[in-house]
Structures are given as structure tokens and as C-alpha cells.
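Subject: Structure handover

Hello,

Here is the structure I promised you. Please load it first, then read my notes below.

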Amino acid sequence: MSILAWILLGLLAGIIAKMLMPGKDPGGIIITTLIGIAGGLLGGWLGKVIFDVDSVDGFFELSTWIAAIVGSIILLAVYRLFARRK
């Protein structure tokens, strides 16, 4: 996938992760995008390491979206933990 597709996927995965984890977050749309992009990469890597699946086949693959959303939820939860401590 191209970098623009990763950015779009990350933005949408971050938004979906925020909808699945409601609550007040100390970040805006930029933090959501960054968490989504990093979550997509994390989810793809975890899918490859744990399940030996190539979850970053293409933009329209279901496994790519699930990996990105799960990775975004993980990173959003970690972000909330550290942001609350400050």
C-alpha cells in the first residue's frame, strides 16, 4: 500500500477505535491520526508475529482493517493510561 493509503487507513482506524472506546481523550484529530497509523502498523506486525498472517495485503482486505483497528485500540488504551498520569 502507498503512504497515502496508510494515512487514510490510519485515520479511519483511529476514528473507529475512538468510537469503540468512548470517553474523553486528551488528543484531537492529529493524535487520532497518529495513533491510527501507528496502530495499523502495530496490528499488522502483531498479526504477522502471532498468527503468521500477512494482514497488510491490501487496502480493501478485511484482515488489514481488523489489524489496524485492533492495533489502534491497543495504542489508544496505552495512550490513555499515560496521558492520565500527567
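L75 touches I35, A38, G39 and L42, with residues up to four places away in sequence left out. The model is predicted, so please read every value here as computed from predicted coordinates. L75 sits in helix α3. Its relative accessible area is 25%, so L75 is partly exposed: buried would need under 20%, and exposed over 50%. L75 and L34 are 41 residues apart along the chain, and their C-alpha atoms are separated by 10.0 Å.

Now the overall picture. The protein has three helices and zero strands. Along the sequence the pattern reads α-α-α. There are 86 residues in the protein, and 36% of them are buried. Take the contacts with a separation of 6 or more: 71% of them are between residues 24 or more positions apart. The accessible surface comes to about 5500 Å². Carbon and sulfur atoms account for 74% of that surface.

Next, the core. Which residues form the largest nonpolar core? There are six: W6, L9, A13, W65, A68 and I69. Helices α1 (3-20) and α3 each supply at least two residues of this core. A13 touches A68, I69 and S72, again without counting residues up to four places away.

S72 is in helix α3. Is S72 buried or exposed? Its relative accessible area is 0%, so S72 is buried; the cut-off is under 20%. Beyond its neighbours within four places in sequence, S72 is in contact with A13, G14, A17, I35, G36, G39 and G40. The side chain of S72 also has a polar atom 2.8 Å from the backbone oxygen of A68.

R80 is another one to check. R80 is placed in helix α3. Its relative accessibility is 8%, under the 20% cut-off, so R80 counts as buried. Which backbone oxygen lies 2.4 Å from a polar atom of the R80 side chain? That oxygen belongs to M21. R80 touches M21, P22, G23 and D25, not counting residues up to four places away in sequence.

M19 is placed in helix α1. At 61% relative accessibility, M19 is over the 50% cut-off and therefore counts as exposed. M19 and I73 are 54 residues apart in sequence. From C-alpha to C-alpha, M19 and I73 are 9.9 Å apart in space.

Last, the surface. L62, I66, V70, I74, V78, L81 and F82 form a nonpolar patch there. Together these residues have about 650 Å² of accessible area. One of them, F82, lies in helix α3, which covers residues 62-85. F82 has a relative accessible area of 51%; the cut-off is over 50%, so F82 is exposed.

- S72: buried, at 0% relative accessible area.
- R80: buried, at 8%.
- L75: partly exposed, at 25%.
- F82: exposed, at 51%.

Best wishes

Note on methods
Residues numbered from 1 in each chain as written. Predicted model: local features only at pLDDT ≥ 70, side-chain atom pairs only at ≥ 80, totals over all residues. Heavy atoms only, no water. Patch = residues over 30% accessible without salt bridge, like charges linked within 9 Å, V, L, I, M, F, W, Y side chains within 5 Å. Areas by Shrake-Rupley, 256 points an atom, 1.4 Å probe, with all protein chains shown as cover. Salt bridge = Lys/Arg side-chain N within 4 Å of Asp/Glu carboxyl O. Helix = DSSP H or I, 4+ residues; strand = E, 2+ residues; numbered from the N terminus. Buried < 20%, exposed > 50% of the residue type's maximum accessible area, 1.4 Å probe, protein only. Core = buried A, V, L, I, M, F, W, Y, C linked by side-chain atoms within 4.5 Å. Contact = heavy atoms within 4.5 Å. Polar contact = N/O pair within 3.5 Å; in protein donor to acceptor, adjacent residues only side chain to side chain.
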